[in-house]
Amino acid sequence: MAVIAVVEDDISIGNLLKRILSAEGFTVRLYLTAENFLNDFFEYERKCDLLILDIMLPGMDGVMACRFLREREVDIPILMLTALSEEEDEVEEANKAEKLQSDLDEHRSVIETLRGKLNEVNLLNAKLLFTNKLFRKYG
């Protein structure tokens, strides 16, 4: 089965991604920093089939890590995570958009699973916010 590396400094998000992807049958390695991932990848040759990389990381951020890999011609698909739309231009530049589409096609099931689960989380968060507002107003 495919190995997916997840670089996410928020442990709760990282663990959520790990649970979702593991339930789909993937082997998941979780890293809290880009430096830890890169050390594993280059020093210990722990390769992966897909890298899910948060943009906002302490130390080396996701865009810098992506550029670092691409400058060394590392040819693994990279899926960037961000909540900030203004960073999309940086991601596109760093990840070379023409390669990204073919990578996404290869990992469509991962993306569809993530999208579905994240939509569930967003829906749950929206329900909780609505419930909290009602409670504050009428509770």
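In helix α2, the residues A34, F37, L38, D40 and F41 are buried, where buried means under 20% relative accessible area, exposed over 50% and partly exposed in between (1.4 Å probe, protein chains only). Seen down the axis of α2, these buried residues fall within an arc of 160°, so they line one face of the helix; the arc is that of the directions from the helix axis to the C-beta atoms. Helices (H or I, at least four residues) and strands (E, at least two) are DSSP runs, numbered from the N terminus. The model is a predicted one, in which local features need pLDDT of at least 70 and side-chain atom pairs count only at pLDDT 80 or more, while totals for chains, interfaces and linings use all residues. Residues are numbered from 1 along each chain as its sequence is written, and side-chain values use heavy atoms, with hydrogens and water left out.

The buried residues of α2 pack against β1 (3-7), β2 (27-31), β3 (50-54) and α3 (62-71), contact meaning heavy atoms within 4.5 Å. Just after α2, E45 takes a positive phi of about 50°.

Helix α3 has its own buried set: G62, V63, A65, C66, L69 and R70. Viewed down the axis of α3, its buried residues fall within an arc of 160°, so they line one face of that helix. At the start of α3, a side-chain oxygen of D61 reaches to within 3.1 Å of the backbone nitrogen of V63. Just after α3, E73 takes a positive phi of about 55°.

The aromatic rings come next. A search of the whole structure finds 4 aromatic pairs, rings of Phe, Tyr and Trp (its six-membered ring) being paired if their centres lie within 6.5 Å, with planes under 30 degrees apart counted as stacked, over 60 as edge-to-face and the rest as tilted. One of them joins F37 and F41 in a tilted arrangement, 5.5 Å centre to centre with 35° between the planes. Both residues lie in α2 (residues 34-43), 4 residues apart, about one turn of the helix. F41 is buried, with a relative accessible area of 4%. F41 also pairs edge-to-face with F42, at 5.1 Å centre to centre and 80° between the planes. F42 is partly exposed, with a relative accessible area of 34%.

Ring pairs link Y31, F37, F41, F42 and F68 into a cluster. Charged groups accompany two of these rings: the charged end of K47 sits over the ring of F41, 4.1 Å from its centre, and that of R72 sits over the ring of F68, 3.5 Å from its centre. A charge sits over a ring if NZ of Lys or CZ of Arg is within 6 Å of the ring centre and within 35 degrees of the ring normal.

How values were computed
A polar contact is a pair of N or O atoms within 3.5 Å; within protein, one must be able to donate a hydrogen and the other to accept it, and residues adjacent in sequence count only if both atoms are side-chain atoms.
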